Amino acid sequence: MSITTGTGTSMTTTEVERAEARTAHNYHPLPVVLAHGEGAWMTDVDGKRFLDLLAGYSALNFGHSHPRLIGAAHAQLDKLTLTSRAFIHDAFADFCAALGDLCGKELVLPMNTGAEAVETAIKVSRKWGYEVKGVPADQARIIVASGNFHGRTTTIVGFSDDPDARDGFGPFTPGFDTVPYGDLAALEAAITPNTVAVLIEPIQGEGGVVIPPEGYLRGVREVCTRERVLFAADEIQAGLGRTGRTFACDHEGVVPDLYVLGKALGGGIVPVSAVVGNRDVLGVLKPGQHGSTFGGNPLACAVGHEVVQMLATGEHQTRAAELGEILRERLEALVGKGIVGFRVRGLWAGIDIDPAIGTGREVCERLMARGVLAKDTHGSTIRLAPPLVISEDDLHWGIDQLAAVLV
Ligand SMILES: *Cc1c(COP(=O)(O)O)cnc(C)c1O
């Protein structure tokens, strides 16, 4: 089925032009215009179907239009959507208790976007440093890793080492020290009496699904405990089932002081983020010291609560682990056939394309022509993060298309 206008121009061409004419060009989207989504599939304005192998950068872990999530959203929409935190609403306590239980922590601080949750973790860590650890006023330091991606606010891009993310946006917030990702000795050496937190991704998503050496996260946990420094794990992309466990930290049996969550927490419907920790840390915030008009709103809580209930059974995590093994086997067979290297954890892969084949962008364009949507990260790396509900057959079909465009 192909819907065309009177001049013979496809709806896609028209909509791409209209979108580009009236938006800031802070993205370079593939020229596809989507109108419908269900499970792992999307349909464009011309009726063409695409397999979604990006899943909104893991915001769509449960796929498009999951009936349980859409049902929870609809039910809440008909009752109450926003109160602000000036009042308490009846979906709030259940969501916070369920998310706290999922994380094994006492308290939840709900926000909206991932960047806001990261900012929250930074503020909480600094306040904890001054009030609990005894760091002198305005001297707190936070250790971050090279190649990090924690969001797009001015403070956060200030400790990015990606020139695109950072250049032209200074002056930046001071108080951050960068160490090489995966290098425990460097991290240990960077700790000073004024260090209040280590903020890292347990797996670097935007960096290209970079998995640190085995034992790194355990080492970070040990060093942080010994030196009295908070371990804040940014699980916004890695967490909530993607890696085959609830949290990427679970692979090393590590529990951070602060879980920083987002993306999939909103079920692909609304932005929902949170910082989750114990009373001795999150308890430093008093009324008026932090907040958000939309954070923890009724719709967000209803959807987030459903997400947490779906994760509580472990079935999505198991599925990610099982499908991830298929993904690994299929990618192994492609090494030397257009792929020079890859990293897989659960249903999540960073694939380094042989530069002779083309850039990551070019490979994604060729995939699009074959009905598969994926996204390059840096240069010649492609990230695959299919919805965890994808069928085994569809996953095989998607990788068949990848194999075909690599020749
Ligand atoms: C996407 C992402 C963020 C930022 O989340 P937004 O909702 O886009 O602000 C932060 N950290 C990580 C690891 C991410 O993947």
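## Surroundings of Phe 176

In this predicted model, Phe 176 touches Ile 122, Arg 126, Arg 141, Ile 142, Val 144, Thr 155 and Phe 159, leaving out residues up to four places away in sequence. Phe 176 lies in strand 6, which covers residues 176-179. Its relative accessible area is 12%; because buried means under 20%, Phe 176 counts as buried.

Phe 176 and Ala 300 are 124 residues apart along the chain, and 32 Å separates their C-alpha atoms.

## Packing of helix 3 and helix 11

Helix 3 (residues 67-77) packs with helix 11 (residues 298-312) at an angle of about 150°, and the two axes are 9 Å apart. Angles over 145 degrees count as roughly antiparallel, and helix 3 and helix 11 are therefore roughly antiparallel to each other. Their crossing is right-handed.

On the helix 3 side, the contact involves Arg 68, Leu 69, Ala 72, Ala 73, Gln 76 and Leu 77. These meet Pro 298, Leu 299, Ala 302, Val 303, Glu 306, Val 307, Gln 309 and Met 310 in helix 11. By class, the contact consists of 10 nonpolar, two polar and two charged residues.

## Nonpolar cores

The largest nonpolar core has 37 residues, of which Leu 331, Ile 351 and Leu 402 touch the most other members. Helix 12 (residues 315-332) gives this core its largest share, five residues. A second, separate core has 29 residues, among them Met 111, Ala 140, Leu 258 and Leu 282.

Which residues are in contact with Leu 402, leaving aside its neighbours within four places in sequence? They are Leu 331, Leu 334, Ile 351, Val 363 and Leu 367.

Note on methods. Residues numbered from 1 in each chain as written. Predicted model: local features only at pLDDT ≥ 70, side-chain atom pairs only at ≥ 80, totals over all residues. Heavy atoms only, no water. Core = buried A, V, L, I, M, F, W, Y, C linked by side-chain atoms within 4.5 Å. Buried < 20%, exposed > 50% of the residue type's maximum accessible area, 1.4 Å probe, protein only. Helix = DSSP H or I, 4+ residues; strand = E, 2+ residues; numbered from the N terminus. Contact = heavy atoms within 4.5 Å. Axes fitted to C-alpha atoms, helices over the stretch in contact; angles between N-to-C directions. Parallel < 35°, antiparallel > 145°, perpendicular 65-115°, else oblique. Left-handed = near helix turned anticlockwise from the far one by under 90°. Nonpolar A, V, L, I, M, F, W, Y, C, P; charged D, E, K, R; others polar.
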